[in-house]
There are 2 protein chains.
Amino acid sequence: MKKKYDYIVVGAGSAGVRFARLMATKGYKVCILEKSRVGGTCVIRGCVPKKLYVYASNFKDYFSDATSFGWRISKEPTHNWSKLFSSKNKEITRLNKIYIKNLERVGVTIIQEEGSFYNSNSIVLKKSKKIISAKKFIISTGSTPSMPNIPGRELAINSDQFFEMKKIPKNISIVGSGYIALEFAFLLKNLNYNVNLIVRKKTILNEFDKDIGTKILQSAIRKKINIYDESSVQSLTKKGKSIVVVTNKKKITTNLVIFATGRVPCIQSLGLEKSKVKLTKHGAIKVNALSQTSNKNIFALGDVTNRKNLTPVAIREAVYLVNYLTTKKKQTLNYDKIASGIFTQPEVGHIGLGENDLQKRSINYKILQTEFKPLKYAFSNKNNPVFIKVLYQPKTEKIFGIIYIGESAAEIIQSLAISFAKTFTLNDLRNTVPVHPTSSEELVTLV
Amino acid sequence: MKKKYDYIVVGAGSAGVRFARLMATKGYKVCILEKSRVGGTCVIRGCVPKKLYVYASNFKDYFSDATSFGWRISKEPTHNWSKLFSSKNKEITRLNKIYIKNLERVGVTIIQEEGSFYNSNSIVLKKSKKIISAKKFIISTGSTPSMPNIPGRELAINSDQFFEMKKIPKNISIVGSGYIALEFAFLLKNLNYNVNLIVRKKTILNEFDKDIGTKILQSAIRKKINIYDESSVQSLTKKGKSIVVVTNKKKITTNLVIFATGRVPCIQSLGLEKSKVKLTKHGAIKVNALSQTSNKNIFALGDVTNRKNLTPVAIREAVYLVNYLTTKKKQTLNYDKIASGIFTQPEVGHIGLGENDLQKRSINYKILQTEFKPLKYAFSNKNNPVFIKVLYQPKTEKIFGIIYIGESAAEIIQSLAISFAKTFTLNDLRNTVPVHPTSSEELVTLV
């Protein structure tokens, strides 16, 4: 039996859901397929649960900070992971239901099944074997954690699985040097777990400006996260209740191994070979600036295209595609002007280009930077500096990028992003009257 | 004995110190008079000690928030005021020394004495009776708390005296509805004191957009601050160790009364009658846009001019005056575009014009606003909404003002201030890709 939709959306994550909702609101007949839960990585196993865990972990620092301000806490507070886990799940379920309700309210058909292209005009559903067709297709299947092919890999878990852990043991090893690995390392350390971080190079967060990695590594060391650098994992073996991680340098005995070693686009079971959709050499779906694939009736949004893998980017791609399909308005996103946060301790906010990007593009730049002890730590012996770095074009003083490391960094960079979308120069910083006393005022007194 | 300076600066607060330092750096002979400690209201008895107390008080909320994230705190933490007080004093002394050192390093003569105009070219020092003269004078004596003339007023203290309190009793009454009164009320309540807030009207924070007052009053009530509204204080009387506050409605028995009922420019002992410096009808020193008084050789900066009484404004006025005096560059400040924060719980950040200002000027406006439960309170039954309000011109969508009430509000508004200095429209918010998950992203998804 054939069923005709205007749009079939494959994958109900941030991009797919936004596209489906907007199109259905405009009167189109839309069907969305989802093999797992509606909401995608961000809601179910990414941004939202991660940030809830980070909030939980921040309190550890607050407890010790409080004592420098005259508070007396008679006994070291203890943390109950299971309670946090079940609160997190309750919240995710609540959000999941809202997503489904919002889709249903505007008449989107939700099919909770996996589908793959039958030909370039239709999709076959894996379980029910039904074939459904549409005028156009949207692939928004996102990305999935990738794990190295080493002996014993089945003893480890990935980030998706970590969010399903109801109980966790005291000694945890994280393999990876990207932001997911670092966020996990800090939040677990602050929740009183013993954390080993196993990284391949001497540096971490290598995709960002080097100062981000340097400052966060310094903080990880201060927090007594055990760093195993220049270490590549060779194998995992079970030893009683423990797991032995064998690296090129050491054997590390641990109770849980989490691989946070990158993510790959989810294209495995889509039957793309039947759809005339081409891939990039890195295995992502190849799209033009309007999110169109090599098949003019098939579009792809979000992580599956591996452009800038962030929730708000996926949503913006969806909105722009809706505008293009309904009004022919060609809006394109400037991927160099997108802000984002890393929820380590301290938090990182950054926008625009870092030194790594500028060097790669052979762009001439200058730097203004400061590191200072914020008023909040005036009474403390802790070394929790705030770090601010501004990269700019020497002649025009046009700002290429800003890095802010410290409390509320993501909230601060969010507001700065508004200025950044415009022509943004050092003079804009110079002319702003600061708000006193704040930490971000250093941004405007720096110049 | 006469001594000839290029500039005599009266008052070593934010404006005076900045002016003196910059001028001395440029090679001028500068003398600064200060009857109290160097640093002014901001450093000694305002922004800095206030914010340190606010930081201390915030932990109370963190303790209760922590439990919703799985933390167990076996016994209610207690707070030691004296410890906070002495840490605060240590920090203020440290800052005070830095200020003095910075002045001395560039060769500013610091005279720790009170002075008043002897004639329009010279100043007589009160104690030493010396007369000193200069080519030009800067009055930067700031403002001082004003207290109502009621029977028993000597039993109460003002905000300056509050910062000198080494010990404080359990039951405290604060008279006033401005931001100082409210900041004190919240910080003391959170440090476990019983707080009565006595206000004249039914509303508070009446100088700001009405929603600021409404939201903060709601929070004060939730926090169980005892609000005595429509109450004007008639008298104070001593009753044993207590003080009885008699209002038009009630008698309130308390242990400490703090008046936060406004501030007045510090001009009392300046001998202005001998200087040809005129006052406004509200008793502030009258200046033009270049901070020049009615005597062309005398300038006034900061709170004593009662323009916008904020530290960074005073500093900016000082910088602009230095530029004018040394390069004839005429820079003027747009007092409508200055951001500021109120450190209540929740925090308030605001910039530009509020509804009150727009109505007063008969400007046509529209509002976009939202109130939402931030992710941080997902697990909590507490009602701690974030409130965002954007006021704009209907046709052009030019933004007149923004209010943000919630955690990190001051840091967020600081960064927004940079956009605000430019032509800032709703479209700028619309076009910004948000940072997820943050609270301030609602600013850009609101439109």
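Confidence comes first. The predictor assigns the complex an ipTM of 0.95. The pTM is 0.96. For chain A, the mean pLDDT is 96. In that chain, 99% of residues reach 70 or more. Where pLDDT is low, predicted coordinates should not be read in detail.

The contact between the chains draws on 79 residues from chain A and 79 residues from chain B. About 6,800 Å² is buried between chain A and chain B. Carbon and sulfur atoms give 66% of that area.

Polar links also cross the interface. Between chain A and chain B, 32 residue pairs are in polar contact, with both residues at pLDDT 80 or more. Two salt bridges are found across the interface of chain A and chain B. K422(A) forms a salt bridge with D428(B). The closest N and O atoms of K422(A) and D428(B) are 3.1 Å apart.

On the side of chain A that touches chain B, helix α3 (residues 47-68) of chain A gives the most, with 14 residues. The residues on this side of chain A comprise 40 nonpolar, 24 polar and 15 charged.

Strands connect the chains as well. Strand β3 (residues 71-72) of chain A runs antiparallel to strand β4 (residues 78-79) of chain B. Two bridges join strand β3 of chain A to strand β4 of chain B. Within β4(B), T78(B) is the bridge partner of R72(A).

Methods
Residues numbered from 1 in each chain as written. Chains lettered and ligands numbered in written order. Predicted model: local features only at pLDDT ≥ 70, side-chain atom pairs only at ≥ 80, totals over all residues. Heavy atoms only, no water. Contact = heavy atoms within 4.5 Å. Buried area = accessible area lost by both parts, 1.4 Å probe. Salt bridge = Lys/Arg side-chain N within 4 Å of Asp/Glu carboxyl O. Polar contact = N/O pair within 3.5 Å; in protein donor to acceptor, adjacent residues only side chain to side chain. Helix = DSSP H or I, 4+ residues; strand = E, 2+ residues; numbered from the N terminus. Nonpolar A, V, L, I, M, F, W, Y, C, P; charged D, E, K, R; others polar. Pairing = 2+ DSSP bridges. pLDDT = per-residue confidence, 0-100.
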